[in-house]
Amino acid sequence: MVRSLFPERTDPPPRERHIHFIRQSIKIARRALANGRHPFGCILVDEDGQILFTQGNIDTLNHAEATLCRTAWSNLSPSDLWKCTLYTNFEPCAMCAGSIYWANIGTVVYGCTEEKLLSLTGDDSENMTLNLSCRHLFKTGQKDVRVFGPFEEIADEVPFLCHQYNPNMLLKLAANTNGIGVSLWIIDLKVRKISFTITLLLQNNTGRYIDRRYRSERCLIAYTNGF
């Protein structure tokens, strides 16, 4: 191996810092969703905790992590990249893990596993998720890519952006709105519990509320007067 590619890295930061930056990647995922794209996002952070690049999902082939890797590779040296950490809301797929490996990024941190994503998306034709751990992929290579995740503390924060792909969800609008907005409750039919809430704005006076951030066929539209 060419040792200059692999300078010494600092010790991993505290768990709280990992969680902080995963939450930053979730913000990028929300931004992607607001632009009509799938809700995946990632950031690249240097050893000093500075965010160098951010990237949301573009399309089926141009995933957030793979796209960020190409940008980072064009702007930083391989030795600098080895000391960087890529944070992402979901575990990188095989394509993105391969991009991370070849971009020489030394550390990956993710919120939820690829297996969890598969359970949320199922056989959705827009997101035919693999069930392959990035740890397994990295172990087949020749680089000591460090991997941290998943993080149970934010398990409920990461996957909520993908629930609109899951047909086994039920929509209910809460009528107690204070006159300006409502809460959209996503209820898992299997366990009959509220998975998360988000805020919607009032569209008109007919009782219909639409979150325009959702552009998929399963547009999240409901009425205040029942399920």
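The talk below takes the labels one by one and sets each value against its cut-off.

Mentor: This is a predicted model, in which local features need pLDDT of at least 70 and side-chain atom pairs count only at pLDDT 80 or more, while totals for chains, interfaces and linings use all residues. Residues are numbered from 1 along each chain as its sequence is written, and side-chain values use heavy atoms, with hydrogens and water left out.

Trainee: What is the average pLDDT of the protein chain?

Mentor: The average is 75, and 67% of the residues score at least 70. pLDDT is the predictor's confidence in each residue, from 0 to 100.

Trainee: Where does pLDDT stay under 50?

Mentor: Over residues 164-227, for which the model has 121 contacts beyond four places in sequence. A contact means heavy atoms within 4.5 Å. Where pLDDT is low, the predicted coordinates should not be read in detail.

Trainee: How many helices and strands does the protein chain have?

Mentor: The protein chain has six helices and 10 strands. Both are DSSP runs numbered from the N terminus: helices are H or I with at least four residues, strands are E with at least two.

Trainee: What makes Asp-144 and Arg-9 a salt bridge?

Mentor: The term asks for a side-chain nitrogen of Lys or Arg within 4 Å of a carboxyl oxygen of Asp or Glu. In this pair the closest N and O atoms are 3.3 Å apart, so the pair qualifies. Asp-144 lies in the loop between helix H6 (134-139) and strand S5 (146-148), and Arg-9 in the segment before helix H1 (15-34), so the bridge ties together parts that are 135 residues apart in sequence.

Trainee: Why is Asp-144 called exposed, and why is Arg-9 called buried?

Mentor: Buried means under 20% relative accessible area, exposed means over 50%, and partly exposed is in between, with a 1.4 Å probe and protein chains only. Asp-144 has 52%, so the label is exposed. Arg-9 has 18%, so the label is buried.

Trainee: How many salt bridges does the structure hold?

Mentor: The structure holds three. One of them joins the side chains of Arg-15 and Glu-153, at 2.5 Å from N to O. Arg-15 lies in helix H1 and Glu-153 in the loop between S5 and strand S6 (169-173), so parts 138 residues apart in sequence are tied together. Arg-15, at 40%, is partly exposed, and Glu-153, at 43%, is partly exposed. Another joins Arg-23 and Glu-157, at 2.8 Å from N to O. Arg-23 is in helix H1 and Glu-157 in the loop between S5 and S6, so this pair ties together parts 134 residues apart in sequence. Arg-23 has 36% relative accessibility and counts as partly exposed; Glu-157 has 27% and counts as partly exposed.

Trainee: Which elements do the buried residues of H1 pack against?

Mentor: They pack against strand S1 (41-45), strand S2 (51-56), strand S3 (85-90), strand S4 (107-112) and S5. The buried residues of H1 include His-18, Ile-22, Ile-26 and Ala-29. Just after H1, Gly-36 takes a positive phi of about 80°.
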